[in-house]
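Work through the exercises below with the model in view. Try each task before you read its solution.

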Amino acid sequence: LLTAVIYTGVGVLPLFLISTQILQLEREIGFGVAELGLATAAYFGAAALAANPGGRLVARLGSSAGLRVGSATTIMACLVAGTSTEPWLMPVAAAIGGIGNGIIQVSSNVAIFDGVDKERQGLAFGSKQAAVPLASVLAGLSLPVIGLVFGWRWVFAGAGLLALFLCVSVPHIRLHRTKKRVEQPLGRPTRSM
């Protein structure tokens, strides 16, 4: 559960950090509110598109591999954002971060399903989702603590280092209930499909 919470929080950091640093980004590279809207759409669109292939990856290789791939993608997002010199690179960084988030979300969900007793899964999934607003708070704190003191690039460097640490220290998640999981559609598809 702790693994799922931590990785979920890190998976949403790229977009939240872009949002909190917007005043400095606008001043230095011309990244304004309109571009932030584009970055947000790119992030969530990429996360939605990455979830299905991420699910196939996790089903084949396991949650640990999915968390490793997702955190590696988060590193790339932080690297692109932290080295950006043009405003169009921030939506690209956000889209890369969205891909990582899509994979991390699926991996975390499977890790909770396979690793937490059925009676406690509601609390576990709620705790995982609480990581998102917690990450928002941490991103907000990054502005006065790091961004205004050292510069916005160091915020992304710190997030990238955190993602790197998580990438190399992914715990082995035992999938003791994998055989009980049904990963194919049940019943007839609805008319909307």
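Predicted model: local features only at pLDDT ≥ 70, side-chain atom pairs only at ≥ 80, totals over all residues.

Residues are numbered from 1 along each chain as its sequence is written, and side-chain values use heavy atoms, leaving out hydrogens and water.

**Exercise 1.** Find how far α6 reaches and whether it is enclosed or open.

Solution. Start with the count: α6 has 27 residues. From first C-alpha to last, α6 reaches 38 Å, close to the 39 Å expected at 1.5 Å a residue. Now check burial (under 20% relative accessible area, 1.4 Å probe, protein chains only). In α6, 20 of the 27 residues are buried, so the helix is largely enclosed by the rest of the structure.

**Exercise 2.** Describe the surroundings of S107.

Solution. Next, S107 has 0% relative accessibility, so it counts as buried. Then follow its side chain, which reaches the backbone oxygen of I103 at 2.8 Å. Last, list contacts (heavy atoms within 4.5 Å). Beyond its neighbours within four places in sequence, S107 touches V58, S63, G66 and L67.

**Exercise 3.** Which residues touch the most other members of the largest nonpolar core?

Solution. Such a core joins buried Ala, Val, Leu, Ile, Met, Phe, Trp, Tyr and Cys residues through side-chain atoms within 4.5 Å. The largest has 23 residues; L17, I18, L25, F31, M90 and F156 touch the most other members. A second, separate core of 9 residues includes L67, I104, L166 and I173.

Definitions and conventions. Buried < 20%, exposed > 50% of the residue type's maximum accessible area, 1.4 Å probe, protein only. Polar contact = N/O pair within 3.5 Å; in protein donor to acceptor, adjacent residues only side chain to side chain. Helix = DSSP H or I, 4+ residues; strand = E, 2+ residues; numbered from the N terminus. Expected span 1.5 Å × (residues − 1).
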